[in-house]
Amino acid sequence: MGLQRFGYLRWCVGALLIVLLAGGCGDSEDGNERARERVGEVLDRRAVAVRNNDLHGYLAVVDPGSGQQRDHQREVFQNLRRLPLAHWSYHVTDLELREDGLAYTQVRLRYQLRGFDPEPVTATEELVFTHRDGDWYLVTERPGSPRQLWEQGRMSVHQGSHGLVLSADDGDAANVVTARMLRRVGAAADVAVPVVAERWPRGWARSVVVEVPGTLYGVGQRLGTSAESYEGIAALTLGKGKGKGGRPADRIVVNPEAYGELSDTGQQVVMTHETTHVATRKHTSDATPMWLSEGLGDWFGYLGSGRSPRTAAPKLTSAVRDGRVPERLPSDRQFAYDAGAETLGMAYEGSWLACRMIAEEWGEERLMEFYRKVGGKSDDQRAAVEAALGDVLGLDRAEFTARWRDYLRSELG
């Protein structure tokens, strides 16, 4: 009986400890909700510290038992001071209390860069908190979660006429970002924005934010995924079109290793292509096929480059001369990063030439109208394209595809 009482007492003490760690009483659901409220309050204090440029207040929410994390957060704070912040706030979207007393949280960060973001944009953070001395403290970020550029080492900020270029140096010996590269990135952005704005003046800031991680590994960290998937990709644009949830930050992320291998012309084509994605984002939806989105990007990118179709589309030129004219427009699957260089190259080239054909035969305004019409339709991609083809170009899909195949033979054969 005495042993039973001891066991019961020990169980009670353990249960009480879990309740206390949860920051409340009652069942685990109540504890989760109470912890969520308290963590939300901690993050509110952190946001105030960022907005007030208060280093002491910012570090006050970091676990005092983690010197390494405090050093890291001190560097993050110094990076944030370099940004033209107009807004900074957090909202806890999910929280899971673990048996060890740690709280794993998913947090929506809303921030705005003055002069570049027309409204606050969003990013997701996955943070781990611990309960200590009656309050919750930040311990670390969840392993494998995306890392913003300001969390990847000392950040530098270069502002041009139309672009804000952010770079990070984590001290890795493999870092390939040089001052010269950053100047070239900034110069390319300053050229790209006016080119796109001249033909697409609607509904965007007419400026871009370009992020340049120090290494390919840093690119993977920024995206929260395997870096190898982007090894041959010079740049990409983060963001979502309408109908895809809350608006995230439209950011151009440069892979410094692949981008650095391009010629000046190649870098400009890439930057103008990505700037097109930023400009057209509000008119892009689930109904927009990849061939139209990527094709329009390349159409803008090659404007003024002087490159002929045979020079700019070598893979498709070879296929057409061998009698292998594609039967249909590129599918979304052909744009997957693991589709292979041949498939991916032909998809981009064929998409560019489809948009080039529309601009030449119907005019640039019709090309822009076609893009907006497709993105403004329902999420049914096939129906949206079919309707826009009829409304803007007066063709059905079969007729458009036949015209495109004839155009490939004419330009590349």
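Two remarks on the source come first. Residues are numbered from 1 along each chain as its sequence is written, and side-chain values use heavy atoms, with hydrogens and water left out. Because the model is predicted, local features need pLDDT of at least 70 and side-chain atom pairs count only at pLDDT 80 or more, while totals for chains, interfaces and linings use all residues.

Let us begin with strand 3, residues 121-132. Strands are DSSP runs of E with at least two residues, helices are runs of H or I with at least four, and both are numbered from the N terminus. Nine of the 12 residues of strand 3 are buried, so the rest of the structure largely encloses this strand. Buried means under 20% relative accessible area, with a 1.4 Å probe and protein chains only.

Two strands pair if DSSP finds at least two bridges between them. Strand 3 pairs with strand 2, residues 103-113, in the antiparallel sense over nine bridges; here Val121 in strand 3 stands opposite Tyr111. Strand 3 also runs antiparallel to strand 4, residues 135-141, through six bridges, and Phe129 has Leu138 in strand 4 as its bridge partner. The hairpin of strands 3 and 4 has two residues between the strands, and Asp133 takes a positive phi near 55° there.

I turn now to Thr272, which is placed in helix 8, residues 264-280. Is Thr272 buried or exposed? Thr272 counts as buried because its relative accessibility is 3%. Not counting residues up to four places away in sequence, Thr272 touches Ala192, Val195, Val196, Phe300 and Gly301, where contact means heavy atoms within 4.5 Å.

Note on methods. Buried < 20%, exposed > 50% of the residue type's maximum accessible area, 1.4 Å probe, protein only.
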